[in-house]
Amino acid sequence: MTDQPTSFTSNQQAFRAAEAAMPGGVNSPVRAFGSVGLTPPSIVSARGAYLTDVEGNEYVDLVGSWGPMLLGHQHPAVVEAVHAAVDRGLSFGASTPDETHLAELVKSILPIDRIRFVSTGTEATMTALRIARGATGRDLIVKFAGGYHGHSDGLLASAGSGVATQSLPGSAGVTAAVAAQTLVVPFNDRQALEEVFADYPEQIAAVITEAVPANMGIVAPEPGFMGFLREITQRHGAKLIWDEVLTGFRATPTGGWGLTGQPEGWTPDLWTFGKVIGGGMPVAAVAGNAEIMSLLSPLGPVYQAGTLSGNPVAMAAGIATLSNADEQVYQQVAHASRQIQQLVSEALDAEGVDHSLQVAGTIFSVAFGTSDHGVRNYHDAQNQEVFRFAPFFRSLLEQGIYIAPSVFEDWFVSAAHDQQAIDRIAEALPAAAKAAAAATE
Ligand SMILES: *Cc1c(COP(=O)(O)O)cnc(C)c1O
């Protein structure tokens with residue numbers, strides 16, 4: 001079915017070679033399957049809702065490249081647009097019509113005036129922080145524990161002991177001085193935010209939040225909490241940075257904003273996008289109103305640049321993806337996602353596995369042993385029955401169902417997840433639920 005562009009014939013062999021060539025065998029840590037204790041399959045191709053590895057095994061893909069593949073793999077319109085772009089040239093390092101077209105598409109979906117394209121979500125959030133600091137002349141940033149915004153130094157800070165104390169480097173190589181400029185507070189905790197603003201008057205440039213926290217599993221904001229963030233930042237002259245890298249154009253047609261800001265009638269100051277906006281190509285962006293975005297060079301004093309930013313092939317994939325993500329696509333994804341959620345819950349219930357489904361529009365995650373109060377913050381996420389996940393995951397993978405290899409990651413459904421794919425998931429879940437039930441700490 002696929003020509004396999006490799007001499008590897010087994011996943012073991014492929015991963016051993018990978019480990020000899022790249023740190024941990026990967027180019028992004030979670031791909032190493034560390035928390036589930038398996039050799040990751042080496043993927044050679046994907047189509048629709050399915051992945052194929054070097055051994056020819058086929059999997060129902062519930063990772064979707066960590067979100068981008070909203071339409072499914074190899075959507076004909078996206079493939080055609082990318083091929084056409086390739087035929088015109090790979091990169092010009094110059095202004096192109098398609099950059100404007102993608103910008104206009106985003107403007108037609110969300111209330112933004114100006115957008116700057118970059119290549120990764122990490123760059124987008126890093127730039128958003130710089131704009132917020134440039135706009136306010138302040139140094140400090142507030143983020144939430146368990147919130148992920150890419151791997152720039154200032155966003156790899158973790159909470160120190162005690163609320164609103166200075167933070168610790170979240171990685172070796174991050175200096176204490178940089179980490180100290182990021183204040184980490186618990187999500188869904190209004191009091192902690194009031195305190196941090198009181199403790200650092202006129203020093204906080206921005207609060208950065210995921211539009212729905214989705215990198216510790218999904219954590220739903222308590223009713224009114226996101227509106228409170230809008231209000232408290234405004235009250236203190238700080239910017240609200242709204243990270244839609246994961247949720248944008250996926251959780252709902254208008255992303256995570258569609259669940260809170262849009263119905264409540266408010267907008268953040270800066271938005272960041274990634275993942276779906278590039279449809280599988282390296283595209284991300286930072287956006288906002290004309291005033292704040294005019295702080296960016298060449299108009300303003302905040303410097304930012306990128307050799308491959310707005311790359312024409314990547315723009316073509318983004319345009320084709322967003323313009324094909326119509327109402328019907330979102331309804332299909334929502335329908336398939338609800339069906340899969342229900343199947344997961346039924347299977348776990350049948351085996352008496354205590355769990356909660358954590359849902360953000362069409363994205364969801366499963367937390368074990370949390371049914372009494374769900375997951376409200378990072379503390380709850382960490383204190384779930386994590387040990388049930390690895391056996392659950394291994395059983396699914398053995399049966400050809402590929403979910404993200406960590407309990408702190410989400411399930412991503414695409415418009416290509418048809419009844420046949422869902423039936424395969426349904427067949428695999430009972431044994432996986434049994435494995436989760438039998439797991440011991
Ligand atoms: C994935 C992600 C990022 C980082 O994007 P990269 O393209 O991996 O650098 C930033 N923020 C959120 C919310 C994400 O999920």
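In the classes used here, Ala, Val, Leu, Ile, Met, Phe, Trp, Tyr, Cys and Pro count as nonpolar, Asp, Glu, Lys and Arg as charged, and the others, Gly among them, as polar. The model is a predicted one, in which local features need pLDDT of at least 70 and side-chain atom pairs count only at pLDDT 80 or more, while totals for chains, interfaces and linings use all residues. Residues are numbered from 1 along each chain as its sequence is written, and side-chain values use heavy atoms, with hydrogens and water left out.

A polar side-chain atom of K275 lies 2.7 Å from an oxygen atom of the ligand, and one of N215 lies 3.1 Å from a ligand oxygen atom, whereas Y148 brings a backbone N or O atom to 3.3 Å from a nitrogen atom of the ligand. Taken alone, the ligand exposes 380 Å² (Shrake-Rupley method, 1.4 Å probe), and the protein buries 82% of that area.

Turn now to the second largest pocket. α1 (11-21) and β1 (43-47) each supply at least two residues of its lining, helices being DSSP runs of H or I with at least four residues and strands runs of E with at least two, numbered from the N terminus. By class, this lining has 18 nonpolar, seven polar and two charged residues.

Note on methods: A polar contact is a pair of N or O atoms within 3.5 Å; within protein, one must be able to donate a hydrogen and the other to accept it, and residues adjacent in sequence count only if both atoms are side-chain atoms.
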